[in-house]
Amino acid sequence: MGDPRSEKIVLVGPMGSGKSSVGKLVARQLGKPFYDSDNEVEKTTGVSIDWIFEKEGEEGFRERESEALQRLILQDQPLVLSVGGGSVLRESNRALLKQHGWVVYLNANINQQVRNTGYLSSRPLLAGKDRRTELKRLLQERDPLYRAVADCVIIPSKRKASTVQCILEAYRAA
Ligand code: S3P
């Protein structure tokens with residue numbers, strides 16, 4: 001792919017789809033640095049995502065998330081970037097990711113998401129709710145947004161190595 005967007009691989013998808021763990025493996029295979037928008041927000045603010053939601057609400061977090069996305073994707077280097085599940089909510093974020101990256105949607109099913117979100121820290125949207133119901137609701141709302149931004153849709157397998165392989169094949173064929 002001669003397109004400069006191919007130098008930046010972006011993983012989008014719902015909470016519990018494996019974006020960060022799969023993204024790290026993809027980055028390692030390709031010898032590119034790995035970034036994660038949630039980590040970037042926590043690193044630059046020095047506080048946790050839970051704390052930001054509590055003090056500034058979801059809107060405050062979204063503002064910081066958008067800033068982090070810009071900082072990360074506009075770096076002058078190849079990279080692999082996993083973004084928080086709600087990054088696609090803002091039109092400006094979708095445009096930014098699409099313009100600068102080759103975007104993979106990790107289209108995990110609800111069972112996979114429920115299995116992988118047992119650890120609730122940094123996922124305040126699920127706290128105190130029935131996880132399956134909330135994840136279903138969020139996916140219904142966001143699935144069209146993930147699809148709108150994606151260059152490629154991958155159904156993650158239980159074996160992370162297979163998911164990585166599928167992404168790399170699609171990437172090389174793009
Ligand atoms: C969110 C997903 C989380 C984190 C925040 C909000 C969402 O990231 O950004 O809790 O809106 O879906 P992960 O998708 O990495 O869990």
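The lining of the largest cavity is mostly made of nonpolar residues: 6 are nonpolar, 1 is polar and 1 is charged. (Here Ala, Val, Leu, Ile, Met, Phe, Trp, Tyr, Cys and Pro count as nonpolar, Asp, Glu, Lys and Arg as charged, and the others, Gly among them, as polar.) This is a predicted model, in which local features need pLDDT of at least 70 and side-chain atom pairs count only at pLDDT 80 or more, while totals for chains, interfaces and linings use all residues. Residues are numbered from 1 along each chain as its sequence is written, and side-chain values use heavy atoms, with hydrogens and water left out.

The structure holds 1 cavity of 30 Å³ or more. A cavity is a set of points, on a 1 Å grid over the protein atoms alone, where a 1.4 Å probe fits but cannot get out; a pocket is an open set with protein on both sides within 12 Å along at least five of seven lines, and lining residues have an atom within 4 Å of a point. The largest cavity has about 40 Å³ of space, a volume being the space filled by probe spheres set on the points, which are joined across faces, edges and corners. Around it sit P14, M15, Q113, L135, L138, L139, R142 and Y146.

Next comes the largest pocket, with about 570 Å³ of space. It is lined by 32 residues, and M15, K19, D38, S122 and R123 are the closest to its centre. By class, that lining has 10 nonpolar, 13 polar and 9 charged residues. Helix α3 gives the most, with 5 residues.

And what takes up this space? The largest pocket is the space taken by the ligand (a molecule sits in a pocket if more than half of its atoms lie within 2 Å of its grid points). Of the 14 residues around the ligand, K19, D38, R62, S122 and R142 come nearest, where near means a heavy atom within 4 Å. This shell has 4 nonpolar, 4 polar and 6 charged residues, and its largest share, 3 residues, comes from helix α3 (residues 49-73).

Polar contacts (pairs of N or O atoms within 3.5 Å) join in too. Oxygen atoms of the ligand lie 2.9 Å from a polar backbone atom of G85 and 2.7 Å from one of S122. The protein covers 97% of the 390 Å² of accessible area that the ligand has on its own, by the Shrake-Rupley method with a 1.4 Å probe.

How values were computed. A polar contact is a pair of N or O atoms within 3.5 Å; within protein, one must be able to donate a hydrogen and the other to accept it, and residues adjacent in sequence count only if both atoms are side-chain atoms. Helices (H or I, at least four residues) and strands (E, at least two) are DSSP runs, numbered from the N terminus.
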